[in-house]
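I set out these notebook entries for a reader who is meeting this structure for the first time. Each entry records what I looked up.

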Amino acid sequence: MTAASDRPRRSALYLPASNAKAIAKARTLPCDVVILDLEDAVAPEMKAQARAAAVAAVLEGDFGNREVAIRVNGLDTEWGADDLAAVAASTADAVLVPKVSSARDIGRYQDALAQAPAAMQLWTMIETCEAVLNLDAIAASAASTRLSLWIMGTNDLAKEMRAQLTPCRTPFLPFLSTAVAAARAHGLAILDGVCNEFRDLDAFEAEARQGLMFGFDGKSLIHPAQIAPCNAVFSPSEADLAWAQAVIEAFEQPENQGKGAIRVDGKMTELLHLEQAKRLIAIAEKIAALG
Ligand code: COA
Ligand code: MG
């Protein structure tokens, strides 16, 4: 099994855990991650039913190679403690928690998961103004906790900031790049926020490409139609792989032994590019292994 930190996570589909039909459908969809939501997508009167349905779905399994996370309600809500207890007793791959704002918050969730299986990961949303001002401290807590992945929550961020979530996402760009840098600095995986325009796949693809450009590992999704274009954007392309192969072969040439910088296809290519090339090949192999 691929280590939790470096498995492909091109596409992470949310669905309300209260929707049995959507859960059944998710087992057939080509997303890398399924997120059974108990929070924003579930109405207050359905919270208990959604919790039970999520835990039952994980127990039933049949999600294949997909990683399965349950997004809980926050510990400051009336449902949070029960959600955490139920997920901790389940076999979900990860618990995704909303609205964390500080390293202290991570500690509270770490404690709430004390009895959970050792392999259960802690994932968090980055979706409060306070969180984007505390990115480094939150990410640093990964060293001593289960924290392994962030998902940008751009809808909640827009609400808190009173900013407009336009297609170019201008108000959020500083946070998106800083969050990627903080995640990388501390070895976390990081997924981009959702695109609400689920009927406009051109707009979706443009936003997914923007996320790829920023360095995200993948994107969170709200509708099955977004999966195929998302997987395509976040998979190394034929051109990427041809470049990677050319770089690897060039550094293997006898005349290039011991050199740190060489010319490949008319461009300066350094050992750091060789590392990037090897990473692309490794990602493509892991994607192929998902089947
Ligand atoms: N996961 C799995 N299946 C989904 C799905 C999802 N996120 N969204 C829609 N589907 C299914 C529908 O059940 C339907 O199945 P059917 O053909 O077997 O009946 C099919 O895909 C087509 O759905 P469609 O009619 O296009 O969408 P809708 O109008 O029924 O629902 C949403 C639109 C946005 C309400 C729905 O996609 C949704 O609930 N998305 C997730 C919302 C969420 O989890 N938000 C929290 C995180 S931001
Ligand atoms: Mg939210």
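**Entry 1**

I began with Asp-265, which is exposed, with a relative accessible area of 65%. The model is a predicted one. I located Asp-265 in the loop between strand E9 (261-264) and strand E10 (267-270). Its phi angle is near 50 degrees, a positive value in a residue that is not glycine.

I then looked up Arg-169, another non-glycine residue with positive phi, here near 60 degrees. Arg-169 sits in the loop between H7 and helix H8 (173-185). Is Arg-169 buried or exposed? I found a relative accessibility of 1% for Arg-169, so this residue counts as buried, because the cut-off for buried is under 20%. For Asp-265 the value is 65%, so this residue counts as exposed, the cut-off for that class being over 50%.

**Entry 1: The chain as a whole**

I turned next to the overall fold. I noted twelve helices and ten strands in the chain. Along the principal axes, the C-alpha atoms fill a box of roughly 70 × 40 × 40 Å. Of the 291 residues, 50% count as buried.

One buried residue I looked up is Ala-69, with a relative accessible area of 0%. Ala-69 belongs to strand E3 (residues 67-71).

**Entry 2: The magnesium ion**

Which residues are the protein donors of the magnesium ion (ligand 2)? I found Asp-40 (OD) and Asp-156 (OD), lying 1.8 to 1.9 Å from the ion. This pair links distant parts of the chain, the two residues being 116 residues apart. Asp-40 is in the loop between strand E2 (33-37) and helix H2 (47-60), while Asp-156 is in helix H7 (residues 154-161).

Asp-156, with 13%, is buried.

I then examined ligand 1, which has 15 residues around it. Those that come nearest are Tyr-14, Lys-21, Arg-199, Ile-222 and His-223. How do the residues of this shell divide into nonpolar, polar and charged? I noted nine nonpolar, one polar and five charged residues.

I looked up several polar contacts in turn. A polar backbone atom of Tyr-14 is 2.8 Å from a nitrogen atom of ligand 1. An oxygen atom of ligand 1 lies 2.9 Å from a polar side-chain atom of Lys-21. For Arg-199, an N or O atom of the side chain is 3.0 Å from an oxygen atom of the ligand.

I also asked how much of ligand 1 the protein buries. Taken alone, ligand 1 exposes 900 Å², and the protein buries 63% of that. The elements giving two or more residues to the shell are strand E1 (11-16) and helix H1 (20-26). E1 gives the most, with four residues.

Key: Residues are numbered from 1 along each chain as its sequence is written. Chains are lettered from A and ligands numbered from 1 in the order in which they are written. This is a predicted model: local features need pLDDT of at least 70, side-chain atom pairs count only at pLDDT 80 or more; totals for chains, interfaces and linings use all residues. Side-chain values use heavy atoms; hydrogens and water are left out. Donors are N, O and S atoms within 2.8 Å of the metal (3.2 Å for Na, K and Ca); water is not among the atoms, so sites may look incomplete. Buried means under 20% relative accessible area, exposed over 50%, partly exposed in between (1.4 Å probe, protein chains only). A residue is near a molecule or strand if one of its heavy atoms lies within 4 Å of it. A polar contact is a pair of N or O atoms within 3.5 Å; within protein, one must be able to donate a hydrogen and the other to accept it, and residues adjacent in sequence count only if both atoms are side-chain atoms. Accessible areas come from the Shrake-Rupley method with a 1.4 Å probe; for residues, only the protein chains shown count as cover. Ala, Val, Leu, Ile, Met, Phe, Trp, Tyr, Cys and Pro count as nonpolar, Asp, Glu, Lys and Arg as charged, and the others, Gly among them, as polar.
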